[in-house]
Amino acid sequence: PSKARAAESRYVFDELAWGNDETHHVAPGYDAQILLRWGDPITADAPEFDVMNQTAAAQSKQFGYNNDYVGFVPLNDDGSRGLLCVNHEYTNEEVMFPGLGRQDKVNFKGMTPELIDIEMAAHGGSVVEIARDAAGKWQVVRDGKMNRRITPLDTAMTLSGPAAGHARLQTNDDPSGTKVIGTLNNCAGGLTPWGTWLMAEENFHGYFWTDKLDADGKPDITGAAEEKSWDRYGVPGMWYAWGQKHDRFNVDAEPNMPNKFGWVVEVDPMDPSSTPVKRTALGRFRHEGAETTVSKDGKLVVYMGDDNRFDYQYKYVSAGTVSDDPAANGTLLDDGTLYVARFEEDGTINWLPLVHGTGPLTAENGFSDQGDVMIDTRLAADLLGATPMDRPEDAQPRGDGTAYILLTNNTKRKQGDTNAANPRPESSFGHIIEIKEANADHAATSGTWSILVQCGDPKVAEVGAQWNPETSENGWFGSPDNAAMDADGRLWISTDQGSSWGKTGKSDGLYALETEGEARGTSKLFFRCPVGGEMCGPYFTENGETLFVAVQHPGTDGTKDIPGFERESTFEDPATRWPDFDPKMPPRPAVVVITKQGGGKIAV
Ligand code: FEO
Ligand code: CA
Ligand code: CA
Ligand code: CA
């Protein structure tokens, strides 16, 4: 490109070449260092990782599996020391455990009670202190006083807000309906302005079990008290064998337990003895993320997607305003209004409030109180006429009334089911919508929207991709999943192609996507994953000099369709052994820290 053209995009780096191999790659001039891997000890008393002799007790003190959200809470003024807050979304047993192989999802023949507990201990989250050493290199502070694991195995939590104490949240172990053990499938998330960590509970339905099966071997929920709700949420999903061992994950024994999951969990990373709180005012759905910002009049605003085909985009606006005193912000996530988005055909957006007694959200329609509206957020949003989207993943506000909504793909949308905001049938590659809230205020109940990019290969006409023509063959991507703003308010996008790897031939990666001026819609590849790994994070520190990215499930997604690999990975025969490349070690999900060689802001 000419110098004049290069000056148009605000991202200054030499683009990485696309490709697909066993390791990660970063743009020239940057260092990408492995910071934390599955199994790394994170407390002073944690044992070293022994992959051939795994135990739940050890895993409970070691870094968990499938790192997704990454946030950083500084502990000093220059941000050279801080707490990394990392979600561990799920587990891939076929590459975690020796001799197990891929599991039959109904019988789970190989899953022993101990393996079940190890899986549970590998889920949840980690708080890990990290610090830059004298050479500027980030290191884990293994005896950091705030270091902790949060798991679905044994971390006690409370529920607060409109659904707390509701009859539908009462279980055998908790008649109060205000307590629960653990959090599930924590995908993306966010940090609040007062430094707490929001963990989004995404595919919680997959962890629930029933012994009642129909003739096809599928869960039979006919006649269950929660039948309508379970049908809408996909409960019980039976993706994991946990309900075989633990009654709390068996809906035959605990029919109300699924109602204690599917929320946003607030964690105070500064207090390792604090009890995480599930904030029911933010609604119950397959929460992808929970990125926050502050409105013009000081209210907290949280943007949240429900990652399911034809499900909805939400945002929450607090009643009160954000205080400089963190202790005064406790109720902001309990008292406020949840809205669902209707993307009108004319390019406007209306945010519809989910408030009991308003419009159709009444007892006649099955909502006895606000608790019911929150427990069955999806059913309430259906009645309000929200716009069915192409799988809303992360949503990223910028703080100036602009927000980006990532729609990852939806191959089930038919030709006649398209709408202006989801214009492509059978979309394999997804798109990104830009919202401009009215009066540049994130609390506004209306605004306008436009499509920033339609993803996929611009050279293949039938894909219908739309990029700025400056986007190179390296820069286009498919299946946007996570988003981050850097220190200069620029947008970065990470991808999760899942089984669609073969459709692009590209590895998942991190892209710098221009939103402003003539370069708007130009994308550049900055980092790419090892084969079969999904790109998560990303997170920039406040000074813009450090970027954290997370490689999830390396060696698994789509490897059978990738030339040179052509097989599904197992512990014994994985497509890659990233990041250790030790013949005795399977691939390990890991957080990678990226800095500029010689120091300075990234991509500037
Ligand atoms: Fe866990 Fe929607 O990605
Ligand atoms: Ca995601
Ligand atoms: Ca994000
Ligand atoms: Ca994902």
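Student: Which residue coordinates both the calcium ion (ligand 2) and the calcium ion (ligand 4), and how far apart are the two ions?

Tutor: A donor is an N, O or S atom within 2.8 Å of the metal, or 3.2 Å for Na, K and Ca; water is not among the atoms, so sites may look incomplete. Here aspartate 481 coordinates both ions, which are 3.2 Å apart. This is a predicted model, in which local features need pLDDT of at least 70 and side-chain atom pairs count only at pLDDT 80 or more, while totals for chains, interfaces and linings use all residues. Residues are numbered from 1 along each chain as its sequence is written, chains are lettered from A and ligands numbered from 1 in the order in which they are written, and side-chain values use heavy atoms, with hydrogens and water left out.

Student: Where do cysteine 187 and glutamate 288 lie?

Tutor: Secondary-structure elements are DSSP runs numbered from the N terminus: helices (H or I) of at least four residues and strands (E) of at least two. Cysteine 187 belongs to strand S10 (residues 186-191), and glutamate 288 to the loop between strand S13 (277-279) and strand S14 (291-294), so the pair ties together parts that are 101 residues apart in sequence.

Student: Are cysteine 187 and glutamate 288 buried or exposed?

Tutor: Buried means under 20% relative accessible area, exposed over 50%, and partly exposed in between, with a 1.4 Å probe and protein chains only. Both cysteine 187 and glutamate 288 are buried.

Student: What coordinates the calcium ion (ligand 3)?

Tutor: Its donors are Glu291 (OE), Asp394 (OD) and Ala483 (O), at 2.2 to 2.3 Å, with the spacing E-x102-D-x88-A along the chain. Glutamate 291 lies in strand S14 and aspartate 394 in strand S19 (residues 392-397), so this pair ties together parts that are 103 residues apart in sequence. Glutamate 291 is buried, with a relative accessible area of 12%, and aspartate 394 is buried at 2%.

Student: What stands opposite alanine 483?

Tutor: Alanine 483 stands opposite isoleucine 493 in S24. Two strands count as paired if DSSP finds at least two bridges between them. S23 and strand S24 (residues 491-495) pair in the antiparallel sense over five bridges. They belong to an open, antiparallel sheet of five strands in the order S1-S26-S25-S24-S23. Its edges are strand S1 (25-26) and strand S23 (480-485), each of which pairs on one side only.

Student: How many salt bridges does a search of the whole structure find?

Tutor: A salt bridge is a side-chain nitrogen of Lys or Arg within 4 Å of a carboxyl oxygen of Asp or Glu. The search finds 36. In one of them, arginine 588 meets aspartate 40, with the closest N and O atoms 3.8 Å apart. Arginine 588 lies in the loop between strand S28 (546-552) and strand S29 (590-596), and aspartate 40 in the loop between strand S2 (30-37) and helix H2 (56-59), so the bridge ties together parts that are 548 residues apart in sequence. Arginine 588 and aspartate 40 are both buried.

Student: How do S2, S28 and S29 pair?

Tutor: Seven bridges link S2 and S29 in the antiparallel sense, and glutamine 33 has valine 593 in S29 as its bridge partner. S28 and S29 also run antiparallel, joined by six bridges; there, alanine 550 stands opposite valine 591. S29 is mostly covered, six of its seven residues being buried.

Student: With which residue does arginine 232 form a salt bridge?

Tutor: Its partner is aspartate 382, the closest N and O atoms being 2.8 Å apart. Arginine 232 lies in helix H5 (residues 227-233) and aspartate 382 in helix H8 (residues 377-384), so the pair ties together parts that are 150 residues apart in sequence. Arginine 232 is buried, at 18% relative accessible area, whereas aspartate 382 is partly exposed at 29%.

Student: How exposed are arginine 398 and aspartate 400?

Tutor: The side chains of arginine 398 and aspartate 400 meet in a salt bridge at 3.0 Å, N to O. Arginine 398 is partly exposed at 22% relative accessibility, and aspartate 400 is partly exposed at 36%. Elsewhere, salt bridges that share partners join Arg232, Asp306, Asp311, Arg378 and Asp382 into one network.
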